[in-house]
Amino acid sequence: MTKKHAATTRLWHWVNAAAIIVLFMTGLNISNAHRHLYWGDYGFDPADAWLDVIRFPGWATIPQHYNLALARDWHITAAWPFGLGVLFIWVAMLANGHFRRDLTTSPKDWTPGAVIASLKAHSAPGASAVHGYNPVQKILYGGVFGVLLPLMLFTGLAISPGFQAAAPWLLDLLGGRQSARSLHFITAWAIFAFFVIHLVLALSDWRLILEMFTGGKRDPHPEAPSVPPAPPQPDPVPAEMEAPAHG
Amino acid sequence: MVDLPRRSLLAGIAALGATACSKINDSEAARGLFEAAEDGHRAVHRALAGKQGLAPEYTRAERSPTFRGNGSVTVADPFYKQQLAGGFPDWKLEVRGLVEKPLALTLADVRALPQRTQITRHDCVEGWSAIGEWQGPQLAHLLDVAKVKPEARFIVFRCADTLYGRDYYESIDMVDAYHPQTIIAHSLNGEPLPEKNGAPLRMRIERQLGYKQAKYVKSIEAVTSFDSIGQGGGGFWEDVAGYQWYAGV
């Protein structure tokens, strides 16, 4: 238990990363088939659309040209590791304490002061060695695990005509099939936004990415004797002024 | 001039990428994976909903104001055109193949069978939906009257329309064939089917996407396999574009 990231977390992280890249890029190809979004149960007339979506260019889609059949093949296939993965990581997080330790928030985590302190701490040197999540991380990761990933999964299930017979209540809950489709689209972009922030922050320190493979080291307790030395700070006192004390 | 090699290199890399992708997509491993994923979705849907689990039905107030026609919206066949003009007096719906008692029903015969009326949602593979009220006999009833042989595994629908020079057809398995909401509709929103929506008869298979809902149906055929029909994909769009045979996702 001295690893920073549990093996289950690391396994899920990379399988999920591959799955959501395929799902997102095939999803953009599928979006090109009918570039209008509606609220409610039905919707086919672009005049009724709440949003007319751009045509996503080939470089952003899988495959790189418009092919609804192939895009759906990949989408339907990648939905399996994604959906089972969400279930898997929730079970793992509840079992190993990751959820309770890192994702549950208290009211004080939601205050502006806590947010500012988090942002300051995150940009401070040596921030990656700090144990646990700060309030902003708790809120963001909690939102991803608690809201975005399950919403993506359930809206996807709800728009499948074969699944609706199993859970007609799901469509009612989401406000109808076209609402579920709109929410599927919105949530995909919310996950994309998280993905971009996540990637930029991870790329700021390559060790963070490496740790998601190796597991890294959980920072030891302050009283433990093996505390690593603090990152070298610029010496505030010029060496020559220190010399007499030593002499 | 200086640009040329670099450009051709880039083009070469792009072509290599495209080839690699199409190789992955066409490879037997990828095909097998896609089919396994599709079969998995079908198995889960059937396990959770049950073989007879119903698609949601709506009230009249929840219908869409119109019902979009898509794919074939008109039929070129001269016999069809003449029948359409006269209200389909000589149209015959055949039930054939692996049945003990082949049938040939007029539109009046179809209307005289026990009817089911259902207000259901039609989901196109492209993403849009429309809601309409359909009426017609259950396919299960017709199959019982024709006495389907036990070796039949699929029901094939053959249609009067052609697209890209090919006859439209579709197929479903016996679970969907005997599903209570699988009907041969002759009316939409209380009126005889308009041409764009499949006059005089179209299928409603409510737990699958729009391309399974064969229009302008001429015959219903019980078979053990659809390998020798069309290109063997089990339907027009399956053959032409590689759409999934199970259109429940």
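**A sheet, a chain contact and a helix crossing**

In chain B, four strands form an open sheet in the order β3-β4-β8-β9, and their pairing is antiparallel. The edges of this sheet are strand β3 (116-123) and strand β9 (191-192) of chain B, each of which pairs on one side only. The model described here is a predicted one. As a general point, the strands of a sheet pair through backbone hydrogen bonds, in either a parallel or an antiparallel way. Within this sheet, strand β4 (residues 129-136) of chain B pairs with strand β8 (residues 187-188) of chain B in the antiparallel sense, over two bridges, and Trp134(B) has Leu188(B) in β8(B) as its bridge partner.

We can turn next to the place where the two chains touch. The contact draws 39 residues from chain B and 28 residues from chain A. On the side of chain B that touches chain A, the elements giving two or more residues are α1 (3-26), α2 (28-49), β3 and β4 of chain B, and the largest share, ten residues, comes from α2(B). Sorted by class, this side of chain B has 19 nonpolar, twelve polar and eight charged residues.

Note on methods: Residues are numbered from 1 along each chain as its sequence is written. Chains are lettered from A and ligands numbered from 1 in the order in which they are written. This is a predicted model: local features need pLDDT of at least 70, side-chain atom pairs count only at pLDDT 80 or more; totals for chains, interfaces and linings use all residues. Two strands pair if DSSP finds at least two bridges between them. Two residues are in contact if their C-beta atoms, placed from the backbone, lie within 7 Å. Ala, Val, Leu, Ile, Met, Phe, Trp, Tyr, Cys and Pro count as nonpolar, Asp, Glu, Lys and Arg as charged, and the others, Gly among them, as polar.
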